[in-house]
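User: Please walk me through how the parts of this model pack together.

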Amino acid sequence: MEPIYLQIASQLRAELSGYETGDYLPGELPLAKRFGVNRHTVRQALEVLAQEGYVLRVQGKGTQVLEAPLRYLMVEQSSYSNWFNTEGHASEARL
(Lines give C-alpha, C1' and ligand atoms only; values in the text may rest on other atoms or scores of the structure.)
Protein backbone atom coordinates (compact mmCIF):
# COMPACT_ATOMS: atom_id res chain seq x y z
CA MET A 1 0.00 0.00 0.00
CA GLU A 2 1.24 3.49 -0.90
CA PRO A 3 2.20 5.81 2.00
CA ILE A 4 -0.50 8.33 2.97
CA TYR A 5 1.58 11.36 2.01
CA LEU A 6 1.96 9.96 -1.53
CA GLN A 7 -1.79 9.33 -1.73
CA ILE A 8 -2.40 12.94 -0.69
CA ALA A 9 0.15 14.18 -3.23
CA SER A 10 -1.65 12.20 -5.96
CA GLN A 11 -5.00 13.66 -4.96
CA LEU A 12 -3.64 17.21 -4.90
CA ARG A 13 -1.82 16.70 -8.23
CA ALA A 14 -5.13 15.64 -9.79
CA GLU A 15 -6.81 18.78 -8.42
CA LEU A 16 -4.20 21.20 -9.77
CA SER A 17 -6.09 21.54 -13.06
CA GLY A 18 -8.73 23.46 -11.11
CA TYR A 19 -6.20 26.16 -10.21
CA GLU A 20 -4.69 28.93 -12.28
CA THR A 21 -0.94 29.42 -12.46
CA GLY A 22 -0.02 31.66 -9.51
CA ASP A 23 -2.93 30.60 -7.30
CA TYR A 24 -2.19 29.37 -3.79
CA LEU A 25 -3.31 26.02 -2.43
CA PRO A 26 -5.07 25.96 0.93
CA GLY A 27 -2.71 26.08 3.92
CA GLU A 28 -1.22 23.04 5.62
CA LEU A 29 -3.67 23.10 8.53
CA PRO A 30 -6.84 23.17 6.39
CA LEU A 31 -5.39 20.41 4.20
CA ALA A 32 -4.47 18.34 7.26
CA LYS A 33 -8.02 18.69 8.56
CA ARG A 34 -9.46 17.83 5.15
CA PHE A 35 -7.40 14.63 4.82
CA GLY A 36 -7.58 13.70 8.52
CA VAL A 37 -3.81 13.66 8.97
CA ASN A 38 -1.23 15.74 10.81
CA ARG A 39 0.46 18.78 9.32
CA HIS A 40 3.76 16.92 8.82
CA THR A 41 2.07 14.43 6.48
CA VAL A 42 0.61 17.26 4.39
CA ARG A 43 4.01 18.96 4.33
CA GLN A 44 5.57 15.77 2.91
CA ALA A 45 2.88 15.60 0.21
CA LEU A 46 3.42 19.24 -0.75
CA GLU A 47 7.18 18.68 -0.87
CA VAL A 48 6.65 15.85 -3.38
CA LEU A 49 4.68 18.24 -5.62
CA ALA A 50 7.38 20.89 -5.23
CA GLN A 51 10.11 18.43 -6.22
CA GLU A 52 8.06 17.45 -9.29
CA GLY A 53 7.79 21.12 -10.30
CA TYR A 54 4.04 21.53 -9.84
CA VAL A 55 4.15 23.99 -6.93
CA LEU A 56 6.49 26.44 -5.26
CA ARG A 57 6.67 26.52 -1.47
CA VAL A 58 7.09 30.11 -0.26
CA GLN A 59 7.78 30.45 3.46
CA GLY A 60 5.26 32.79 5.05
CA LYS A 61 3.04 32.86 1.95
CA GLY A 62 2.02 29.30 1.16
CA THR A 63 2.15 26.89 -1.72
CA GLN A 64 1.86 28.50 -5.14
CA VAL A 65 0.71 26.61 -8.23
CA LEU A 66 3.21 26.71 -11.08
CA GLU A 67 2.65 26.25 -14.79
CA ALA A 68 2.51 22.54 -15.59
CA PRO A 69 6.07 21.25 -15.96
CA LEU A 70 7.28 20.10 -19.35
CA ARG A 71 8.04 16.39 -19.48
CA TYR A 72 10.78 15.41 -21.91
CA LEU A 73 11.88 11.80 -22.25
CA MET A 74 15.66 11.62 -22.73
CA VAL A 75 16.52 8.89 -25.20
CA GLU A 76 19.39 8.25 -27.57
CA GLN A 77 19.33 10.58 -30.58
CA SER A 78 16.71 12.81 -28.96
CA SER A 79 16.57 16.47 -29.89
CA TYR A 80 15.22 18.73 -27.17
CA SER A 81 14.86 21.78 -29.41
CA ASN A 82 12.83 19.84 -32.01
CA TRP A 83 10.58 18.38 -29.34
CA PHE A 84 10.20 21.81 -27.72
CA ASN A 85 9.12 23.30 -31.05
CA THR A 86 6.61 20.50 -31.72
CA GLU A 87 5.07 21.24 -28.31
CA GLY A 88 4.30 24.76 -29.55
CA HIS A 89 7.18 26.62 -27.89
CA ALA A 90 9.76 28.80 -29.59
CA SER A 91 13.45 28.06 -29.25
CA GLU A 92 16.57 29.70 -30.56
CA ALA A 93 20.29 29.52 -29.97
CA ARG A 94 22.34 32.60 -29.18
CA LEU A 95 26.06 33.05 -28.76
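User: Which residues of α3 meet α1?

Analyst: This is a predicted model, so local features need pLDDT of at least 70 and side-chain atom pairs count only at pLDDT 80 or more, while totals for chains, interfaces and linings use all residues. Residues are numbered from 1 along each chain as its sequence is written, and side-chain values use heavy atoms, with hydrogens and water left out. Helices are DSSP runs (H or I, at least four residues), as are strands (E, at least two), numbered from the N terminus, and contact means heavy atoms within 4.5 Å. From α1, Ile 4, Tyr 5, Leu 6, Ile 8, Ala 9, Leu 12 and Arg 13 meet, in α3, Thr 41, Gln 44, Ala 45, Leu 46, Val 48 and Leu 49.

User: How many residues of the α1 contact with α3 are nonpolar?

Analyst: Ala, Val, Leu, Ile, Met, Phe, Trp, Tyr, Cys and Pro count as nonpolar, Asp, Glu, Lys and Arg as charged, and the others, Gly among them, as polar. With 1 charged and 2 polar residues in this contact, the nonpolar ones number 10.

User: Are α1 and α3 perpendicular or oblique to each other?

Analyst: Axes are lines fitted to C-alpha atoms, for helices over the stretch in contact, and angles between N-to-C directions run from 0 to 180 degrees. Under 35 degrees counts as roughly parallel, over 145 as roughly antiparallel, 65 to 115 as roughly perpendicular and the rest as oblique. Helix α1 (residues 4-15) packs on α3 at about 55 degrees, axes 8 Å apart. The pair is therefore oblique.

User: How is α2 oriented to α3?

Analyst: Helix α2 (residues 28-35) and helix α3 (residues 39-51) have axes that come within 8 Å and cross at roughly 105 degrees. That makes their orientation roughly perpendicular.

User: Which residues of α3 does α2 meet?

Analyst: The contact holds 5 nonpolar, no polar and 3 charged residues. Glu 28, Leu 29, Leu 31 and Ala 32 of α2 meet, in α3, Arg 39, Val 42, Arg 43 and Leu 46.

User: Which element gives the most to the lining of the largest pocket?

Analyst: On a 1 Å grid over the protein atoms alone, a pocket is an open set of points where a 1.4 Å probe fits, with protein on both sides within 12 Å along at least five of seven lines, and lining residues have an atom within 4 Å of a point. The space in the largest pocket is about 170 Å³, a volume filled by probe spheres set on points joined across faces, edges and corners. Elements giving two or more residues are α3, β1 (55-58) and β2 (62-65). With 3 residues, the one that gives the most is α3.
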